[in-house]
Structures are given as C-alpha cells and as structure tokens.
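This briefing concerns the structure shown below. Please keep the sequence and the coordinates at hand while reading.

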Amino acid sequence: MKKILRSSEFFVALVVMVLCIIIGLINPVFFSWENLFDLLRSGVVTGILALGCLIVIVSGGTDVSFATIAIFAVYLASKILIAWQFDGTVLVAFLLSAAIGTVLGLFNGALIAWFRLPTMIVTLGTSSIFRGAMLVFIGTFIINKLPQGILAFGQATLAQVSNANGAVIGLPVSVVIFFGAAVLVWLMMKYTMLGRGIYALGGDRVAAERAGLNVIGIQLFIYGLVGFLAGISGVVHASLVRNVNPFDLIGTEMNVIAAVVLGGARITGGRGTVFGTILGVMLVVIMNNSLILLGIPSYWQRAAIGVLILLGTGITAWQSKRESAANLLES
Amino acid sequence: MPDQILNVDNLSKSFAGVRALQGVNLTMERGEIRCLVGENGCGKSTLIKVIAGVVQPDEGTVTLNGRQYRQIRPIDAIREGIQVIYQDFSLFPNLTVAENIAFNYNLARKKQLVNWRDINRIAREAIAKIGVDLDLGAYVEDLPVADKQIIAICRAISQSARLVIMDEPTTALTEKEVRALFNIIKTLQREGIAILFVSHKLNEVLEISEKITIMRNGRNVTDGNTAGFDRASLVKHMTGREINETNAAIVPQAGNGSVPLLQAENLSCRGRFADVSFSLAAGEIIGITGLLGSGRTELALSLFGIRPADAGTISIEGRPAEIRSVQDAVRHGIGYVPEDRLIEGLFLERSIGSNIVAGTLRRLTRRGLINRAAVGAQIRQWTENLHINTPSTELPVKSLSGGNQQRVVLAKWLAINPKILIMNGPTVGVDVGSKAEIHQIIRDLARQGIGVIIISDDLPELLQNCCRILVMRKGRVLEELPTEGLSEADLTHRLSATAPAPASGTPAHSGQRKQVRPS
C-alpha cells in the first residue's frame with residue numbers, strides 16, 4: 001500500500017481525478033458522453049505516439065523525431081496509394097505507412113546504436129532531414145482526396161450519441177488501435193526479456209552490456225518500433241482529420257514527451273509504465289481540450305502544461321533529494 | 001584437461017598506447033581459490049574484463065573449459081560459467097532485488113518471456129544459500145552499498161557458475177560480512193566452483209587463498225602457493241621495492257605557533273553532530289575517527305561549508321570566521337578531499353589537466369580570458385610534484401588508477417594553496433605503494449605549515465600520521481587521544497568500547513563502506 005501511495009502513477013491519477021472533478025463542477029458538460037468521446041478522439045494520436053516515446057525514454061534515450069516520422073509516413077503512403085489508385089481496405093494504408101515509419105525509425109536506430117551518438121541530437125537532426133526530404137521530394141500540398149479506405153476508417157464508430165443540437169458524435173474505431181497497442185506494449189515491457197532488457201538498458205548501460213544483453217539489437221528494435229507506431233498514428237490522424245497536411249503533427253512531440261514524463265517516466269531512463277503514460281496522456285488531453293470549458297483562454301493551455309511538468313517532475317526530484325539526505329545520515 | 005576451467009595464454013592489450021597487459025598467463029582449476037594481487041593500474045581489472053569478454057585482447061588466447069577463444073563475447077563467458085562481480089557491482093538500480101538476481105540467469109538461458117514467480121523463486125533460493133535477509137521487492141537504488149554487494153554475489157551464484165571472479169569484494173563489507181563472504185566462498189569451493197579473488201587487503205588474501213598470482217605493470221611477477229608468501233614478500237612483489245608499512249621511524253610532529261590555525265567551539269548541526277570542539281595548529285595533522293554514522297563526515301562537510309553548522313563558532317588564526325558556503329571555506333583557505341573522489345571530487349570524463357586547475361581557474365585568467373600558459377604551467381607543476389603517472393594530462397581522469405586519481409584530487413585542492421586541508425578517507429581503494437606515497441605527501445604538506453585533518457577508518461594510517469585522534473560517536477566527540485604511546489589495539493578497544501553493539505556497528509578495521517570503481 002505504501003508503495004502504491006509513493007508511486008508517481010498514484011499522483012498523476014489523483015491530479016487527473018481532481019482536475020476532472022473541478023472542471024465537471026464548473027461546467028457539467030464535461031461529464032457528457034459527447035465530451036468523453038471528444039476527449040478520446042483527440043487523445044488517440046497523442047496516445048499511440050506516447051507509447052513509442054515511453055519505450056525510448058525508459059531505455060534512457062529521447063526521441064524528438066516521431067511526430068515528423070508520423071506525418072512523413074502517412075503523407076508518402078497516401079501519395080503512393082493515390083498513384084496506385086488503390087481504393088481497398090485501410091489495412092494496406094496502415095501496413096504501408098507503418099513500413100515507411102519503421103524504415104525511418106531504423107535509420108535513427110542505426111545512427112544511435114552503431115555510432116553511439118546521443119539520441120536527442122540524432123533525432124533532432126533526422127527529424128529535420130525527414131521533414132526537408134518530405135517537402136522537397138514528396139510534396140508540400142495538402143492531400144484532400146484521401147483513399148476511400150482511410151476515409152471510411154475515420155468515419156467508422158464504435159458508439160454514437162447525439163447532442164442537444166442534434167449533431168451525432170461518434171467514438172472512432174481508432175480508439176481500439178490505441179488500447180490494443182497499449183496492451184501489447186504493456187505485455188512486452190512487463191513479460192518479455194526484450195522489455196526487461198529495455199528497462200535494464202535505461203538503468204545502467206554498462207551493466208546491461210556486461211550482462212550480455214544485445215544492446216545494439218535492442219536499440220535498433222526500440223527506434224524501429226517507435227517508427228512503426230508513428231506510421232500507424234499518422235494514418236489514424238489522417239483518418240480523423242480527413243486530409244493529410246505535411247505541416248500537421250510536427251511540434252506535437254513536445255506534448256507527447258510531456259505526457260510521458262507527467263505519467264511518471266523518468267527522463268533519465270529506467271522507469272516508466274504504460275499505465276502511467278495513459279494517465280499522462282489523459283492529463284495533457286484534458287488540459288488541452290477542457291480548459292476552454294472553464295472559460296480559460298486557450299493561450300493558457302501551454303503555460304498550464306508547463307507548470308504541470310515542473311510540478312510533476314519537481315515533486316519527485318524533491319522527494320528523492322530528501323531521501324538521499326536522510327540516507328547520508330544513516331550511512 | 002577437463003578440470004582446467006580457465007587458461008589465459010600470453011595475453012596483451014593496449015589502451016591509447018598504454019600497455020595494460022603484456023604476455024599475461026593465468027590458469028584456474030576446479031574448486032581452486034586463487035588471489036590476484038597487484039597495485040592499482042597493474043592490469044588486474046583489464047585481465048578480468050578480457051576473461052569476461054568485455055574487452056577484446058590484442059594478442060593471446062583465452063581457453064574456457066577446453067574451448068579456445070580469440071574473441072569472447074560476454075554471453076560466451078557467461079555460458080562457460082564465468083561470473084564476474086565487479087567493484088561497481090553492475091546492478092540495475094531501477095530494478096528490484098529479485099529481478100537483479102534473476103536477470104542474468106534468464107538471459108543466459110535465452111528466455112524470451114518473463115515469469116515473475118520464477119524470478120522470485122530464483123532470488124529466494126540464492127539468498128537462502130548465503131543465509132541473508134533482503135527485501136526482494138525493494139529497488140536496488142534505495143539500498144546501501146553492502147546490500148548491493150550481497151545482491152551481486154546472489155546473482156553470480158544463481159547461475160551455475162564454474163568460476164566466480166570477485167573484484168575487491170570486501171571493500172564495502174564489515175568484518176562480520178567479510179566472515180560471511182569467506183564462508184560462502186568455502187561453500188562454493190566445496191561445490192567445485194573456482195574463485196578468483198582480487199583484493200588490496202593482504203591479510204584477507206593470505207587468509208582465504210590457496211594460490212596467489214601477483215601482477216605488476218601489466219605482467220606476471222610471480223605465482224605460487226599461499227603458504228610460500230607473507231605480507232612483506234607480497235608487498236615487495238607487488239611494488240617491486242621494499243616498503244616498511246609500519247614506518248615506526250616517522251614521529252608525527254606537533255603543531256607550532258601560539259594561535260591555533262583552526263579553532264572550533266561547541267559546533268553543532270541539528271540531526272548531524274553536536275557540541276564539537278577542537279583545535280588544529282599550523283603544521284599539525286589530527287585524525288578523526290568513529291564508526292559509521294558517528295557524524296565525522298558531517299562535521300567535515302560543515303567545516304567546508306557544504307552543510308554549515310547552525311551553532312557554535314569557528315575561528316581561523318584567532319579571528320572568528322563565518323563559513324556559510326564552500327566559497328567562504330575556500331576564501332579562508334580550507335580545502336576538502338572528499339570521501340568518494342569518484343562522485344564528489346573529480347570530473348571523471350574531463351582531462352587530468354582540467355581537473356587539476358578546476359579550483360583555481362579564476363586566478364589563471366588575464367582580462368577575463370583563460371591564460372593558457374599559466375594553466376599549462378600549473379598542470380605541469382602538480383603532475384610533477386605529486387608524481388601523477390600518466391602519458392598525457394589530456395587523458396580523462398577515469399583512465400587513471402585509483403592512487404593516481406586520488407593524487408589528482410589532492411592536486412586540485414593544493415593548487416588553491418590551502419592553509420587547512422580536510423581529507424576524508426585519503427587512501428580508500430588505494431594500493432600499498434601509492435598509500436605510502438600519499439602519506440608522505442600529507443606529512444610534507446604539514447611540514448610546510450598546512451594544518452591537516454584526516455578522517456579515516458584506517459587506524460594504522462591515523463596512528464602513523466596524526467599527533468591527536470578525535471573519536472566520535474553519535475555526533476559527539478567522545479575522546480581526544482594523543483597518539484604518542486597509543487597502540488592500535490588500544491585504539492580498537494576504545495572504538496569498540498564505545499560501539500552500541502558489535503553487530504550493528506562497523507568494526508574499525510574493515511568499515512570502509514565505499515564503492516570503488518575498477519581502475
């Protein structure tokens with residue numbers, strides 16, 4: 001019990017609950033199905049990206065390129081599908097986009113694993129390269145006429161409600177993709193040696209090498225997987241907004257990293273859970289979408305998230321500092 | 001020869017042009033306990049890393065259980081039953097005790113999936129084997145060093161090891177824990193496991209080993225049955241020269257001058273220490289000792305302004321001095337050589353030269369810009385004065401051996417021209433030869449009029465160098481003993497007489513709870 005109370009997930013859950021209650025009290029619309037669906041809808045893309053980001057952060061790295069990879073992958077995939085005049089199932093779009101994302105992610109992974117370059121610098125560099133390459137070689141125009149499969153997927157819903165104005169609000173199927181991916185990542189991180197290896201790598205790289213872990217292989221896997229998830233999230237994003245804009249998503253990586261860090265992942269690596277990340281995503285999405293319900297100007301959203309990050313990481317840092325001071329006296 | 005587990009043949013390895021190993025040979029057989037001894041930087045750590053597959057040799061071969069390897073990967077070594085317990089333990093701080101113990105076991109068996117019940121079982125079995133009690137669910141980063149050592153040993157024995165290599169395993173252990181470790185080693189031996197024991201503590205080496213291999217400067221010096229060695233011959237082979245460890249010829253000199261250099265009166269810091277009074281004269285060396293938790297380190301931190309005292313007075317050369325911060329302390333000419341040089345005393349990744357001038361950079365400037373010539377001159381001066389042994393001062397400090405690292409820390413503080421030097425554990429993790437030299441440096445400093453405070457567990461060190469010893473317990477100074485006529489047995493007795501109970505405290509000799517990285 002003491003462990004639960006001390007865990008960072010507990011704090012985030014508490015903050016999320018308190019926030020929900022406050023917003024709900026001030027504006028009861030918050031607790032409507034309509035708003036819930038809306039929140040889920042806007043959380044899906046951030047959520048899928050956050051799962052990849054979590055894995056990188058646990059391994060002791062930082063990736064700032066996944067948002068660029070996401071839009072690159074879906075933009076190129078859409079161009080290809082349109083060129084093929086392909087109008088079949090959305091699965092092909094997912095496969096194609098995920099494959100492109102994986103290739104780009106592996107490019108990051110190769111630079112990081114073989115040349116042992118700092119992860120943040122590599123991904124800062126490659127995200128700029130990917131973006132430039134996309135604008136130069138693939139295009140700069142918004143694609144409005146998406147393949148039928150993607151559009152149909154975006155309209156498919158799990159449930160629907162109609163609001164007071166008679167408008168129908170649906171819960172998009174892509175929510176299933178997010179929760180499915182979350183379960184898979186959770187299983188991998190908790191019950192496979194690969195996942196435990198990622199934690200070990202984030203805890204102490206030298207010890208991981210000495211234990212006989214294939215650190216290069218693990219890093220390739222991590223960044224490949226981030227690319228894969230980014231490719232998936234790109235298609236989800238396109239299906240929800242019904243177009244592909246090469247200038248979309250870029251810049252959202254900071255929100256995603258914020259969500260993961262708020263969810264209790266340690267920025268220096270080694271700690272972080274899928275559950276915490278989901279809570280972190282909820283927090284960021286609620287802040288981004290619901291402050292408006294409180295009548296707080298949307299300009300304040302960013303500042304509010306910044307304050308939360310400082311508080312969230314500050315509290316844990318302060319706690320560990322106090323503990324180490326206590327240890328000093330004991331030892 | 002099925003009984004031969006390890007055969008190292010004519011191994012050589014260089015790092016950045018420095019010969020770490022030159023034609024080294026080593027053989028280990030089933031159930032053999034062998035000690036590998038040598039000064040810091042003699043190549044012991046490199047040899048271990050080659051056997052473990054972490055470092056690839058330039059020349060020579062390693063044969064494990066009859067299979068010859070030119071290149072060993074860590075996983076090969078583990079599959080051949082080679083287990084290394086490194087000085088830094090190589091544990092994962094972010095994982096639990098149970099997972100740390102079982103991690104390598106699962107990895108070596110090429111498991112893909114994790115069964116948490118298995119992990120707990122493996123950990124429980126290993127812990128039961130050495131008869132200790134640990135919270136399996138605790139995170140390793142929250143545990144004290146001694147527990148980490150035990151976890152590392154549990155991890156090694158949880159895998160069917162044929163050869164366990166222990167690099168300085170007793171550095172962080174108390175006397176009682178050392179006994180327990182020796183019992184474990186004997187148990188392992190009965191099961192046919194060979195132990196390669198690397199240690200600085202020669203008494204332990206002579207006690208536990210059956211055979212001894214001595215290295216010096218990257219070469220084998222000698223090899224033989226333990227019965228054929230004694231302390232003096234070990235020291236001689238290790239250093240290549242005669243060192244009189246007892247050094248009775250040196251009489252600690254008393255201080256001079258009528259006004260004490262440093263005078264502390266009723267110094268207190270809530271929760272850390274209380275009512276500490278003492279004085280230090282110029283040219284005097286005094287010692288502070290006490291069991292862990294006695295407040296001796298806390299006192300030093302206060303004198304150096306890291307955690308300022310909240311009551312009492314400090315005067316320096318008769319004038320009252322306010323020491324509220326490290327800057328204040330440095331301005332008053334106080335230098336502090338910390339307990340853990342790796343964490344507190346050095347910028348490990350930076351060059352030797354940058355470390356030496358780190359404290360004095362501001363004085364080595366001209367119109368706000370760094371004066372390269374002055375910096376170079378200062379670096380040269382201190383590397384020569386303190387005999388820091390390195391091919392280049394541009395190399396990172398972490399490339400140096402323990403003794404040389406300690407000299408760099410010393411150089412950094414001597415460069416500020418201190419009047420008072422506080423040294424916390426000045427020779428922890430330092431080999432016999434360097435230890436004698438560091439003691440010589442300390443005495444020379446005192447002769448030049450610097451007042452030195454040595455905080456140490458090493459009673460012979462205190463008795464040889466200090467003229468008075470303050471014994472602390474629970475934050476208070478119990479006694480102030482002149483060393484003249486004081487014997488080690490006497491001092492041990494005084495220390496343990498003040499201990500609450502032998503089990504919870506640290507017997508004076510071995511109580512250096514410090515983590516020292518491989519040199």
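In which hand of crossing does H12(A) pass H13(A)? The crossing is right-handed, where a crossing is left-handed if the near helix is turned anticlockwise from the far one by less than a right angle, and right-handed if clockwise. This is a predicted model, in which local features need pLDDT of at least 70 and side-chain atom pairs count only at pLDDT 80 or more, while totals for chains, interfaces and linings use all residues. Residues are numbered from 1 along each chain as its sequence is written, chains are lettered from A and ligands numbered from 1 in the order in which they are written, and side-chain values use heavy atoms, with hydrogens and water left out.

**Helix pairs**

- Two packed helices are described by the angle between their axes and the distance between the axes.
- Helices (H or I, at least four residues) and strands (E, at least two) are DSSP runs, numbered from the N terminus.
- In chain A, helix H12 (residues 253-262) and helix H13 (residues 274-290) pack at an angle of about 130 degrees, and their axes are 7 Å apart.
- Axes here are lines fitted to C-alpha atoms, for helices over the stretch in contact, and angles run from 0 to 180 degrees between N-to-C directions.
- H12(A) and H13(A) are therefore oblique to each other; angles under 35 degrees count as roughly parallel, over 145 as roughly antiparallel, 65 to 115 as roughly perpendicular and the rest as oblique.
- On the H12(A) side, the residues that meet H13(A) are A:Asn255, A:Ala258, A:Ala259, A:Val260 and A:Leu262; their partners in H13(A) include A:Thr277, A:Gly280 and A:Val281. Contact means heavy atoms within 4.5 Å.
- In chain B, the axes of helix H14 (residues 402-414) and helix H15 (residues 432-447) come within 10 Å and cross at roughly 15 degrees.
- That angle makes H14(B) roughly parallel to H15(B), and H14(B) passes H15(B) in a left-handed crossing.
- The contact is made by B:Gly403, B:Gln406, B:Arg407, B:Leu410 and B:Leu414 of H14(B), together with B:Ser434, B:Glu437, B:Ile438, B:Ile441 and B:Leu445 of H15(B).

**Buried helices and residues of chain A**

- Nine of the eleven residues of helix H9 (residues 193-203) of chain A are buried, so this helix is mostly covered; buried means under 20% relative accessible area, exposed over 50%, partly exposed in between (1.4 Å probe, protein chains only).
- Among the buried residues of H9(A) are A:Met193, A:Arg196, A:Tyr199 and A:Leu201.
- The cover over the buried residues of H9(A) includes helix H3 (33-58), H8, helix H10 (205-211) and H11 of chain A, along with helix H3 (97-108) and H4 of chain B.
- In helix H7 (residues 148-155) of chain A, the residues A:Gly149, A:Ile150, A:Leu151, A:Phe153 and A:Gly154 are buried.
- These buried residues of H7(A) pack against helix H4 (66-84), helix H5 (90-115), helix H8 (174-191) and H11 of chain A.
- A:Gln219 belongs to helix H11 (residues 215-241) of chain A and is buried, with a relative accessible area of 7%.
- Leaving out residues up to four places away in sequence, A:Gln219 touches A:Gly109, A:Ile112, A:Ala113, A:Leu201 and A:Arg205.

**Exposed positions and phi angles**

- A:Val103 lies in helix H5 of chain A and counts as exposed at 55% relative accessibility.
- Most residues other than glycine have a negative phi.
- A:Gln85, in the loop between H4 and H5 of chain A, has a positive phi near 55 degrees and counts as exposed at 70% relative accessibility.
- B:Asn417, in the loop between H14 and strand E19 (420-424) of chain B, also has a positive phi near 55 degrees and is exposed at 57% relative accessibility.

**Chain B overall**

- Chain B contains 17 helices and 22 strands, and buried residues make up 58% of its 519 residues.
- Chain B is divided into domain 1 (4-239), domain 2 (258-333 + 418-509) and domain 3 (347-417), with bounds from an automatic or database domain assignment.
- Taken over C-alpha atoms, the centres of domain 1 and domain 2 of chain B are 35 Å apart.
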